[in-house]
Amino acid sequence: MLHNISHEDSNYITKIDRPQDYKYPCRSSDNYVPYPEDSLIKSRTIRVNVHFIDSTSAKYNIPEPKAETWAYHMIENANFRLRTNEQMNLPEGNETPCIPANYQYRLWKDDSTGLSVHYHYDDELYYMLTKGSGANNYDRKVINKYRIGEDSILNIFILPPHPDSIATGRYVASRSGISLGNSIKLTGPLSQGMKDWEMSTSVNHEAGHSFGLSHSWYKNDGCDDTPPNENCWSTMESGRCAGPTSNNMMDYNNSQMAITPCQLGKINMVMSDSRNTRRKLLVKDWCVKSSDVPITIHEDTSWKGYRDIDRDIIVESGTLSIYCKVSMAQGTKITIMPGATLTLLDAELYNDCGFQWEGIEVVQSKKEIGKFLMTGNAKISDIREKEDIMNK
Ligand SMILES: [Zn+2]
């Protein structure tokens, strides 16, 4: 016998109190580390576009005919580095797990122009200076003027240094960047033959900032697996940079090829939080059911993070305890088999895309019935309305 539950005052829901030892786990990045064996942490795709700005003299940036290919390679190489993820250099002899990043960038065409790479000539706003009295790295004017789809696309600006600063001989046109939320500004020796892949680690570093990471050489980055360090560009023969130096993505070094589990957890927490504006930069591929293979629960299991579920869930035996908001894709349902339990601890089951899902089925046998427990603050919403009919 089958009972369909689509609303909270169903007779088949038992209201419970929060357990005494309850701790709110949804804002703890430990619960978002994308371990390969945890298929519940989805792979994510960040929409990006790229803007090159040059003066009308067309002398200082990557030339316009080469810009699209250059941007494409820059993004491709940044994706390659994320997939590769190298073992941390620090601390020496560490056994920090090396988990491939579960996110990639995708060049995204906007609706109005059909382009993902844009080129602008602007004598006032074409440059980026990170030091000195003319420093404008924090200035948002160029962003405000040229950004496209900024609420759903990460806008990457490629800006040359100012030629007057270069002419002084005192300004080094080194690679540098800044994250200003949904936009990133990057600069480097662009007119001096800078290679596309040389900018890729800056894309990863600044996108890391946009998705919640701090510099890792400081102690207070919130991660135990990124030890404080001297932030050395490379290893030197002697002095403070003798010995192994950092290769972390969020330090300044010639590698930036390592991201730790804690850092990935922080990024994924931002990507999973429906209230975080950065989540809107992701390709929304969790809205509708995308697999006929259900998630089957056979033993006591706790989900302690926001999750986007794109398939059915069958609680076969044991208890599935859900602690945080879980988006159920359109067309999916949860089945609680006789003797098994689903518990919502202040969690909400909903659809993140404004669609409806199929709700919860409680299965009853001659001897037993599936149990559905909810605390007072738990919610179920966006369920397609059905009658509580017995189908068998
Ligand atoms: Zn930084």
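## Domain layout

The domain assignment divides the protein chain into domain 1 (2-26 + 287-380) and domain 2 (43-272). This description rests on a predicted model. Between the C-alpha centres of domain 1 and domain 2 the separation is 40 Å.

## Aromatic pairs

The structure contains 10 aromatic pairs. One of them joins Tyr-32 and Tyr-306 in a tilted arrangement, with 6.1 Å centre to centre and 45° between the planes. Tyr-32 belongs to the loop between strand S2 (13-16) and strand S3 (44-54), while Tyr-306 belongs to the loop between strand S10 (301-303) and strand S11 (307-309), so this pair ties together parts that are 274 residues apart in sequence. Tyr-32 and Tyr-306 are both buried.

Trp-217 and Tyr-218 also form a tilted aromatic pair, at 5.0 Å centre to centre and with 40° between the planes. Trp-217 has a relative accessible area of 13% and is therefore buried, as the limit for a buried residue is under 20%. Tyr-218, by contrast, is partly exposed, with a relative accessibility of 44%.

## A cluster of rings

Ring pairs also join Phe-52, Trp-70, Tyr-119 and Tyr-121 into a cluster.

Conventions:
Residues numbered from 1 in each chain as written. Predicted model: local features only at pLDDT ≥ 70, side-chain atom pairs only at ≥ 80, totals over all residues. Heavy atoms only, no water. Domains from an automatic or database assignment. Phe/Tyr/Trp six-rings, centres within 6.5 Å; stacked < 30°, edge-to-face > 60°. Helix = DSSP H or I, 4+ residues; strand = E, 2+ residues; numbered from the N terminus. Buried < 20%, exposed > 50% of the residue type's maximum accessible area, 1.4 Å probe, protein only.
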